Each structure stands twice: as C-alpha cells, then as structure tokens.
Amino acid sequence: MTETNLFEDEVLWWSAAAKGQAEALAKKLDPKTKLVRKDKSPLWRFVAWFLFLVSFGYAKRERMYEWMAVTIGRRVYIPSTWTLGEAIAVLPHEVLGHVAQYKRYGLGIHWLGIVPFLVIYFLVPFPILWAYGRAYLEAEAVKADWDYRADYIGAEHLSMELLRIDVNSWVSRIRGKGYAFALLSKTAAKDIFWSAAVTHITRKVGAWHVDA
Ligand SMILES: [Zn+2]
C-alpha cells in the first residue's frame, strides 16, 4: 500500500498500516517523541479532569478524548478517531511547537518541562481571559508549523491566503472554549498570532510582501 492510498482510505492513524508512518514523521521532528492514543492513556484521563476543572466544566472530558491532539512532555496524545492524514497534519504544531517547548522549559529534559509548561499554559497571568501564557505558547507552535511547511514542503506551495485563514482561525479559537477563553481581547489575540506567524513567515518567504 502506498502513502497516497493510506490517505485516500482514511485509515485510522494507530492502525497497523498507518502507525509506522505517523511515528516516522514524529521521530523525524524530534526523535524522543512518542505517539499515544488519548483514550488508552491513564495520564490523559487525569489531564482531562484537570482541564475540565480549570475550564469550569467547559472542557467536557468525553468530548476531549475524540477532539484535539494534546502534547504533554514528549508524548503527543492523539484521538483514536483520527485518520492518518489528520494525525500527520498536527504533528509539526505538536512536536516542533509543544514538544520543543517542554524540552526548552525542562532545560533539555522533556518531562522536567511539564510543570513549568503547564503553569505558563494555564495560570500566567490568569487561567482565563488574560491567559497570555497560553496564547503565546500556541502562537509559537503555529509559527513552528508554518516554518516547517516553508522548509519542507516548499515556500512555493504556501499561500498568504492560507496563512491568513489559519491565523484568523487561531485568533478565534484561542478566544473560544477549546482554549478555555484564553484572551478577552481580539486585538491582543491578533497581535500575538499575526506577529508570531504572519510577520515571521512573510519575512522568511519574502515574496509574499506583495499581497500582505
Ligand atoms: Zn497547540
């Protein structure tokens, strides 16, 4: 079976046919990364409770098992309902963004970064509405994702329009319940995500300044 067929067949990422490919990309981005099914992880069950509490009940636990990919330390927890294509699509954000952040806050040791990361993500300077720590960490991961696309897929395959759509979607998502209402101010959200991704990638790709 070729890569193309795997995507077309919408194979679940953890199935025997697909897991090797997902893991190969994850390990290429950071050799220590481990992919884990969310619904099979005792740690994730604990984290789902934690998110449920800090979001004042908005982050429903059952929904969160099927909903988003979440990175803790060097482990990327992916919903078991996701296809290989869906899993592959989030890996640059999760690994080059978040796994790298845990490693940085742990001074090179992923698990040591877990407490500092979670404190910044959930408490700095407030858990909701002014959660700038969460917004900055997500914006940095968005930037890492676009950096990856520019480097490995090629700048010629990117478009300013796609970048704008992605960044605008993050501006609204970071202020919504999926990210526990991280920012009250839309202007602040725009400043953070646009300066992280659009400004950076536009400078990198250069040619986009025409339609920016
Ligand atoms: Zn993220």
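Asp145 touches Pro92, His93, Leu96 and Gly97, residues up to four places away in sequence being left out; contact here requires that the C-beta atoms of two residues, placed from the backbone, lie within 7 Å. The model is a predicted one, in which local features need pLDDT of at least 70 and side-chain atom pairs count only at pLDDT 80 or more, while totals for chains, interfaces and linings use all residues. Residues are numbered from 1 along each chain as its sequence is written.

Asp145 is found in helix α7, residues 132-154. Helices (H or I, at least four residues) and strands (E, at least two) are DSSP runs, numbered from the N terminus. With 22 other C-beta atoms within 10 Å, Asp145 is buried. A residue is termed buried if 20 or more other C-beta atoms lie within 10 Å of its own, exposed if 12 or fewer, and partly exposed in between, with C-beta atoms placed from the backbone. Asp145 and Val171 are 26 residues apart in sequence, and their C-alpha atoms are 16 Å apart in space.

The domain assignment divides the chain into domain 1 (1-123) and domain 2 (125-207); such bounds come from an automatic or database domain assignment. The centres of the two domains, taken over C-alpha atoms, are separated by 19 Å. Contacts between them involve 16 residues of domain 1 and 13 residues of domain 2. On the side of domain 1 that touches domain 2, the elements giving two or more residues are α5 (84-105) and α6 (114-123). Helix α5 gives the most to this side, with seven residues.

In soluble globular proteins, nonpolar side chains tend to be buried together.

An open sheet is formed by three strands in the order β1-β3-β2, with mixed pairing. The edges are taken by β1 (34-37) and β2 (70-72), each with a single partner strand, so one side of each is left without a neighbour in the sheet. Neighbouring strands are turned by 30° against each other on average, direction ignored; the axes are lines fitted to C-alpha atoms, for helices over the stretch in contact, and angles run from 0 to 180 degrees between N-to-C directions. Strands count as paired if DSSP finds at least two bridges between them.

β1 and β3 pair in the parallel sense over four bridges, and Val36 stands opposite Tyr77 in β3. The pairing of β2 with β3 (residues 75-78) is antiparallel, over three bridges. Within this pairing, Ile72 has Arg75 as its bridge partner, and Thr71 has Val76. β2 and β3 form a hairpin with two residues between them, and Gly73 in the turn has a positive phi of about 65°. Both faces of β3 are covered, with Arg75 and Tyr77 on one side and Val76 and Ile78 on the other all buried.

Several backbone features lie in loops. Most residues other than glycine have a negative phi, and most peptide bonds are trans. Val124 and Pro125 are joined by a cis peptide bond, with omega of about -15°; Pro125 is placed in the loop between α6 and α7. Leu107 is not a glycine but has a positive phi of about 50°. This residue lies in the loop between α5 and α6, and Leu107 counts as exposed, with 9 C-beta neighbours inside 10 Å. Ala180, also not a glycine, has a positive phi of about 50° and is located in the loop between α8 (160-174) and α9 (186-205). Ala180 is buried, with 20 other C-beta atoms within 10 Å.
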